[in-house]
Amino acid sequence: AKITAFSFDMSNEANAIVIEQPVINEDNTITFRVDEAKVEENADVLKNLVPTFTISDKATSSVESGKAMNLSSDVTIAVTAEDGTIVEYVVKTPVKVKITVMNCKLDNWKTDLFMGQVSYPTPDEKGVATSNGGAGFFNGEEPKLGFPVIEEEKGFKGHAAKLITLDSRTYMNGIAPITSGSLFTGKFNFNFMTAITAPLKMTEFGIPYDKIPLSLKGVYKYKGGDNYVDGSDKNNIKDNLGLQDECAIQAVLYEAVGADGKEVILTGIDINDSDYRVAVARLEDGTDKAEWTAFNVPFEYLEGKAYDKEKTYKLAIICSSSKEGDKFKGAVG
């Protein structure tokens with residue numbers, strides 16, 4: 001007679017106030033947290049939450065999963081086992097938490113110059129960068145490569161960033177066989193020698209962040225290209241592999257200062273495996289989405305890691321048009 005799982009589907013707009021998924025406690029209470037400001041705007045939002053839960057095999061429950069539940073006060077769910085045993089769970093009225101939002105709307109764009117010569121588009125958002133600085137390296141000569149991140153005027157609401165995986169193997173002796181579109185918090189730090197020897201080091205991810213991150217929320221759509229290229233071995237580049245590409249969207253909270261007292265800067269080399277990482281929010285489904293699709297992904301702390309208020313942190317939000325673009329793999333277009 002157990003509730004084995006209890007959650008809120010964040011693709012359901014009725015659950016938009018939830019900022020932390022429920023926990024089933026040992027005393028059979030179920031607790032979670034919601035956005036205080038949204039409840040203050042409209043207290044009725046607590047009356048229309050739609051939980052999804054599962055119970056023991058062959059058991060029944062007094063409340064149906066997937067139906068609206070009035071959580072302006074505690075709700076008791078009685079679970080009856082096949083042998084008649086009854087166990088009661090209490091879904092507690094959620095704890096209201098005051099939150100702040102770091103918002104990136106991407107409505108305003110500007111033009112920057114690469115090496116003072118090649119102009120390229122970039123979002124006019126503080127702390128936001130793109131892989132266009134690297135593409136500028138390829139656009140100094142004819143034919144032009146184009147840019148992997150451009151402004152899209154027809155976004156979900158207002159403008160958007162359009163990320164494109166480009167075939168760049170014919171440029172500069174194949175330094176980067178493909179160039180995936182990348183939008184991130186941090187900066188693109190171009191250096192000629194680094195561009196030749198370790199181009200992924202030029203993407204310096206993360207900006208200072210002094211709060212406890214709860215979730216990464218946004219809207220996207222995606223269409224993988226037709227020609228999947230494996231350029232991980234630059235001497236043996238493989239075309240038309242017939243693989244389905246996926247996009248990647250994630251946020252990484254990491255320690256800003258190392259044990260030696262020096263600043264930590266994670267790059268395209270180590271953002272996915274550094275021991276300085278503390279928590280990660282990652283979109284799991286990066287497959288094709290023909291329509292605008294909302295996501296709200298909670299941060300999950302890595303094994304053995306916890307938030308320490310005595311430490312300083314950086315937050316890296318990274319979006320890519322090819323999930324293995326850092327390995328020079330992806331579908332062109």
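Colleague: How many of the residues of strand β26 (residues 313-320) are buried?

Modeller: A word on the source: this is a predicted model, where local features need pLDDT of at least 70, side-chain atom pairs count only at pLDDT 80 or more, and totals for chains, interfaces and linings use all residues. Residues are numbered from 1 along each chain as its sequence is written, and side-chain values use heavy atoms, with hydrogens and water left out. Strands are DSSP runs of E, at least two residues long, numbered from the N terminus. Buried means under 20% relative accessible area (1.4 Å probe, protein chains only). Here β26 is mostly covered, with 8 of its 8 residues buried.

Colleague: Which residues of β26 point one way, and which the other?

Modeller: Tyr313, Leu315, Ile317 and Cys319 point one way, while Lys314, Ala316, Ile318 and Ser320 point the other way. Residues on both sides are buried.

Colleague: Which strand joins β26 over 8 bridges?

Modeller: Two strands pair if DSSP finds at least two bridges between them. Strand β21 (residues 248-255) pairs with β26 in the antiparallel sense over 8 bridges, and Ala248 stands opposite Ser320. Strand β16 (residues 182-188) also runs antiparallel to β26, joined by 3 bridges; there, Ser182 has Ser320 as its bridge partner. Strand β18 (residues 207-209) is antiparallel to β26 too, over 3 bridges, with Ile207 opposite Leu315.

Colleague: Let's turn to the rings. How many aromatic pairs are found in the whole structure?

Modeller: Rings of Phe, Tyr and Trp (its six-membered ring) pair if their centres lie within 6.5 Å; planes under 30 degrees apart count as stacked, over 60 as edge-to-face and the rest as tilted. The search finds 8 aromatic pairs. In one of them, the ring centres of Phe6 and Phe8 are 6.0 Å apart and the planes stand at 80 degrees, so this pair is edge-to-face. Both Phe6 and Phe8 are buried, and together with Phe32 and Phe53 they form one aromatic cluster.

Colleague: Where is Ser321, and is it buried or exposed?

Modeller: Ser321 is in the loop between β26 and β27 (329-332). With a relative accessible area of 5%, Ser321 is buried.

Colleague: Which side chain makes a polar contact with that of Ser321?

Modeller: A polar contact is a pair of N or O atoms within 3.5 Å; within protein, one must be able to donate a hydrogen and the other to accept it, and residues adjacent in sequence count only if both atoms are side-chain atoms. The side chain of Ser321 has such a contact, of 2.7 Å, with that of Thr165.

Technical notes. Buried < 20%, exposed > 50% of the residue type's maximum accessible area, 1.4 Å probe, protein only. Helix = DSSP H or I, 4+ residues; strand = E, 2+ residues; numbered from the N terminus.
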